Amino acid sequence: FNWVEARSSDMSAPIDWTGCETFNIGSGGPTFDYWNHLSDLSAMDELRFFSKALSFEEVQDVYGGGYQPLDGETLYLPFNGNSTDLVSGAAATVVGTPGAAGEGVSGDEAYAGATDSYLTFPTTNLTGDEFSATMWYKINADPDRAGILVMGPPDTGNAEYPDVQNLRTNGFRFFREAGGDGQVFKLNVGNGTADSWFDGGATASIPSDTTDWVHLAFTISGTECTVYINGEVVSQGAFDGVDWSGCDVLSIGSGAPRFTQWNHKSDLSYIDELRLFNKALTQTEIQDIIN
């Protein structure tokens, strides 16, 4: 529907055209009228037939080009009624019962977190030498710590695996936790042998009772990592490059399943307009996205 995949299932055998001598348009009759699927009084335009199964990209082209990704953009979730990535056309795997916010920065919906709930995507085509994430965020500070975005490896060496995981030598963990009078946003990134922290403390904090949407972003390059709130740098430091080994799952709205040891679990906040990139965005590019 509108080039976004709504349903896909396997065929037990190829379609059989035996006896199919006419093509009926605008009605089920005369060969499909038993259940009263008769004339359709709807409007119809631009009807096309093909002797092939169209690819996702071809459906986009027929529809009118579909969504055109920004430079380096690998995932875009507008959360307008579903959790479908407009770059790939893939739908998120839903864990638990996340909801819809009933409001959003763009459109009238956004992702609404729920207890023991989050979304996941495979990381295929999402990783690279550089990485960035941007999103709009409306905080619910209860619980007072939560995971927001996590792309980490399985912690099979943990005695309580798989329920408790916290291997930080690879990938990243973007999360929040209580600090002072607010919630501090932190980034942890692994280079393959060790992890680095980008914690701006009070500078990277927003009041726990904030009711406005705020814009969050972070970038990872081969030389540094930077965290932004509303387009302004709140934490920045040197970094020698991320290692993605074992990072095959992206979690959205929770630290689960691979960053749970410190109780950074489901985030009950709202998230909207989530975008990932295979490049380190500049501050100007982040501000352009905000605008």
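**Briefing: charged pairs, a hairpin and the surface**

Arg-275 is buried, because its relative accessible area is 12%, where buried means under 20% relative accessible area, exposed means over 50% and partly exposed lies in between, with a 1.4 Å probe and protein chains only. This is a predicted model, in which local features need pLDDT of at least 70 and side-chain atom pairs count only at pLDDT 80 or more, while totals for chains, interfaces and linings use all residues. Residues are numbered from 1 along each chain as its sequence is written, and side-chain values use heavy atoms, with hydrogens and water left out.

**Salt bridges**

- Side chains of opposite charge can pair when their charged atoms come close.
- A search of the whole structure finds 13 salt bridges, each being a side-chain nitrogen of Lys or Arg within 4 Å of a carboxyl oxygen of Asp or Glu.
- One of them joins the side chains of Arg-275 and Glu-73, with 2.8 Å from N to O; Arg-275 lies in strand β16 and Glu-73 in strand β1, so this pair ties together parts that are 202 residues apart in sequence.
- Glu-73 counts as buried, with a relative accessibility of 6%.
- Asp-71 forms a salt bridge with Lys-279, and the closest N and O atoms are 3.0 Å apart.
- This pair also links distant parts of the chain, 208 residues apart, since Asp-71 is in the loop between α1 and β1 (73-77) and Lys-279 is in the loop between β16 (270-277) and α2 (283-290); here helices (H or I, at least four residues) and strands (E, at least two) are DSSP runs, numbered from the N terminus.
- Asp-71 is exposed, with a relative accessible area of 60%, whereas Lys-279 is buried, with 16%.
- Glu-58 and Lys-52 form another salt bridge, their closest N and O atoms being 2.6 Å apart; Glu-58 is partly exposed at 26%, and Lys-52 is partly exposed at 47%.
- Arg-145, Glu-177, Lys-186 and Asp-199 are linked in a network of salt bridges.

- Strand β9 (residues 182-190) and strand β10 (residues 195-199) run antiparallel and are joined by five bridges, and two strands pair if DSSP finds at least two bridges between them.
- Leu-187 has Phe-198 in β10 as its bridge partner.
- Four residues lie between the two strands of this hairpin, and Gly-192 in the turn has a positive phi of about 110 degrees.
- Ala-194 is placed in the loop between β9 and β10, and it counts as partly exposed at 35% relative accessibility.
- Leaving aside its neighbours within four places in sequence, Ala-194 is in contact (heavy atoms within 4.5 Å) with Arg-168, Thr-169 and Val-189.

**A nonpolar surface patch**

- Phe-23, Ile-25, Met-44, Leu-47 and Phe-49 make a nonpolar surface patch of about 590 Å².
- Patches are made of residues with over 30% relative accessible area and no salt bridge, like charges being joined within 9 Å and nonpolar side chains (Val, Leu, Ile, Met, Phe, Trp, Tyr) within 5 Å.
- Accessible areas come from the Shrake-Rupley method with a 1.4 Å probe, and for residues only the protein chains shown count as cover.
- Met-44 is found in the segment before α1 (56-63), and it counts as exposed at 54% relative accessibility.

**Asn-230**

- Asn-230 has its place in the loop between β13 (224-229) and β14 (232-238).
- Asn-230 and Trp-136 are 94 residues apart in sequence and 9.0 Å apart in space, C-alpha to C-alpha.
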